[in-house]
Amino acid sequence: MTTFNSLENFGHSLKAQSHLVQPRSADEIYETFHHAKKEGLTVTARGAGRSYNDAAMNGGGIVLDLSVMDQIIEWDPATGQVRCEPGVTLRRLWQRVLPDGWWPPVVSGTMTTTLGGCLGANIHGKNNFRMGTIGEHVAEFTAILPTGAEVTCTPKKNADLFYAMIGGYGMLGVFTSISLQMKRMHSGLLEVHAWPTRTLAEQLQSLEDGAPKHDYIVGWLDCITVGHGQIHAANYLHEGDDPDAQKTMTLAYQTLPSRMFGVMPKSLLHVFMTPFMNNFGTWGVNTAKYVASLRRHTFRQSHAAFHFLLDYVPDWELSYGRAGLIQYQSFLPKETALPAWTEILSLAKQHGLPSYLGVTKRHRPDKFLLTHAVDGFSLAMDFKVRQRADMAQMLQDFDRIVLAAGGRFYFAKNSETNAETARAFYGEETIAKFKKLKKRCDPNGLLESDLYRRIFG
């Protein structure tokens, strides 16, 4: 069934009119390709629509809403291997495997993302330095190409497609099934260590020093004071460490509370956050948060609570106002991260457009063709959209600073990065390899998104 819809990105900063199709099988996906070719339209895959930019948007074309292809096809609790359709969300996945003593090896900051979207963007988590991206835990996937061919890919079978389709944002084919290896758990809890950092330099050093000692590590950075922050590092519990492991691995124990302090419905919180979404209000909130974090402490926290911070407040992105938010994420080698981000944060303050949220992580390189990874760090920053032309210019200036520092970008986030910048950091050889695969898999150029047109012209 096809409908004409106005679709938005997660940040509500971009909109596009598209023909929306909800296929339930590979055959129906191919029928859509056939129809698109006949009508001269392009096709884009979409999962939960959680990309901050235009990765799942296709103005004037067809959008394949794969969220209804959401079956867990096979689950083997003895081996920890699961096979799913692409519309299965991380929520549905972890809720299926955790009671049997397993957890997804890599998750995003929200459990509402779909596995197809996670592979398309090759997501990373708070443990990238140790476990890599989600693509490194894929045993096999099947996909349908616009030619009608159905392919099966593993790290050894059709390896060129395996390493290009994961992280390829759906521009070579559409995933129809995904086999993933889960990680064995002995508790539904993590042991979390929290401590403050006074400067950006101290935060990056904490990530560097803390990563080898922990299973996860992530930093919160106050981008208005340009320095104050907090580190959260976590470790799995070993067998026998949790006397109530059977209880803590139940779904009831892991469910995030729907009320704040047991009273206020969290669904209303974004309304109360809105008045603080300005420079002065965010400075006050960040300062209070930093003061509250000054005590170094250790505590135990459920997997869901630690990983899915973005799900604590439903619809939190609406607090940024009608124009929405833009997230800018850059990846920098550890040797150049500090001076480059110091310059970027200073430039944002000069423009009067500071980021209201900064998140840092430690990363390692990977073998995927369109990789965003480096041996270094990432910084994700959320910006309230205002003075749009000035903001767009500021983000282009950020790109130049990142490129000069040997950095890379993540295209599930950045919405202003252009084709010239993409060519500069991918390199001509990588782009030539991708376009050669594109011609082979999609000779009629049916698979296109607003993102694809922006970064590949």
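Which residues in α6 meet which residues in α12?

1. The model is predicted: local features need pLDDT of at least 70, side-chain atom pairs count only at pLDDT 80 or more, and totals for chains, interfaces and linings use all residues. Residues are numbered from 1 along each chain as its sequence is written, and side-chain values use heavy atoms, with hydrogens and water left out.

2. Leu200, Ala201 and Leu204 of α6 meet Ala337, Leu338, Trp341, Thr342 and Leu345 of α12, where contact means heavy atoms within 4.5 Å. Helices (H or I, at least four residues) and strands (E, at least two) are DSSP runs, numbered from the N terminus. The residues of this contact comprise seven nonpolar, one polar and no charged; Ala, Val, Leu, Ile, Met, Phe, Trp, Tyr, Cys and Pro count as nonpolar, Asp, Glu, Lys and Arg as charged, and the others, Gly among them, as polar.

3. Helix α6 (residues 200–210) packs against helix α12 (residues 337–351) at an angle of about 140 degrees, the axes being 10 Å apart. Axes are lines fitted to C-alpha atoms, for helices over the stretch in contact, and angles run from 0 to 180 degrees between N-to-C directions.

4. Pro196 stands opposite Gln230 in β14.

5. Elsewhere, β8 (residues 138–144) and β9 run antiparallel, joined by four bridges. Phe141 stands opposite Cys153 in β9.

Note on methods: Pairing = 2+ DSSP bridges.
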